[in-house]
Amino acid sequence: MQTGQESADGGPRIWGGTTLNERREARRATLLEAALDLIGESGAAGVTMRAVCRRANLTDRYFYESFGSRDELLDVLYRQVADEFLGPMTTFAEANDPARDRELSDVLVDKVLEDPRKSRLFLVEPYSSTGLGQTTIAVMPAFTRLIQDHLFAYIEDPVRRRLAAVTMASGNAGMFSAWLNGSLRATREQIVDHIVATITVYRSVYK
């Protein structure tokens, strides 16, 4: 069966200056961006196949070209956003330098503020019934391992090291969720100060 992906000479078939794969990737990116817009407006509950297609100005045929279901789209989008958060955190956390705790906190808070749509998906929506529970369970260990293996690497007891990392990761996630949904009123500076203070407390408790 011919897919139309290759031309007669064996190279990729070009149409409108792009290949079939390039057009597929562009449609996929458009669908993900449309889903983010919907999340920013009404949360993950507003993300349906039809709503995403309307926002992206694409038919359901193109939706199913990229995603098997609405839940798969949310899973892909959540993991993509999680990677965007993990990257800058890793850069600073791997230094394991108390003098850089504030820099790490600044980077994390600025990342949260950078795109409200992504922050809502990553930090607020997992607390609602959106089908993201299993994805969150699968993704969050990467963040706790980062804290455990770098910020708290000096804690000799592996159980205490793990306890500190899990408690801090889940506590900060809950704090950011409350901050973003408006139930916690605090300035950016207060949030940064709190994160620095939390790291400092753990450093003093587990010497």
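This is a predicted model: local features need pLDDT of at least 70, side-chain atom pairs count only at pLDDT 80 or more; totals for chains, interfaces and linings use all residues.

The buried residues of helix α4 are L73, L74, L77, Y78, V81, A82, F85, L86, M89, F92 and A93, where buried means under 20% relative accessible area, with a 1.4 Å probe and protein chains only. An α-helix has 3.6 residues a turn, so residues three or four places apart point the same way. These buried residues of α4 pack against α1 (20-42), α2 (49-56), α3 (60-66), α5, α6 and α7, a contact being heavy atoms within 4.5 Å.

Residues are numbered from 1 along each chain as its sequence is written, and side-chain values use heavy atoms, with hydrogens and water left out.

Leaving aside residues up to four places away in sequence, V139 touches Y78, R79 and A82. V139 and A82 are 57 residues apart in sequence, yet their C-alpha atoms are 7.4 Å apart in space.

Where is space left among the helices? The largest pocket holds about 410 Å³; a pocket is an open set of points on a 1 Å grid over the protein atoms alone, where a 1.4 Å probe fits, with protein on both sides within 12 Å along at least five of seven lines. The volume is the space filled by probe spheres set on the points, which are joined across faces, edges and corners. The lining of this pocket consists of 26 residues, those having an atom within 4 Å of a point, and L123, M140, A169, N172 and A173 lie nearest the centre. Two or more lining residues come from each of α4 (70-93), α5 (101-114), α6 (116-124), α7 (133-151), α8 (158-181) and α9 (188-205). The lining divides into 22 nonpolar residues, four polar and no charged.

Taken as a whole, the protein has nine helices and two strands, which are DSSP runs (H or I of at least four residues for helices, E of at least two for strands) numbered from the N terminus. Of its 207 residues, 40% count as buried.

Terms used:
Ala, Val, Leu, Ile, Met, Phe, Trp, Tyr, Cys and Pro count as nonpolar, Asp, Glu, Lys and Arg as charged, and the others, Gly among them, as polar. Buried means under 20% relative accessible area, exposed over 50%, partly exposed in between (1.4 Å probe, protein chains only).
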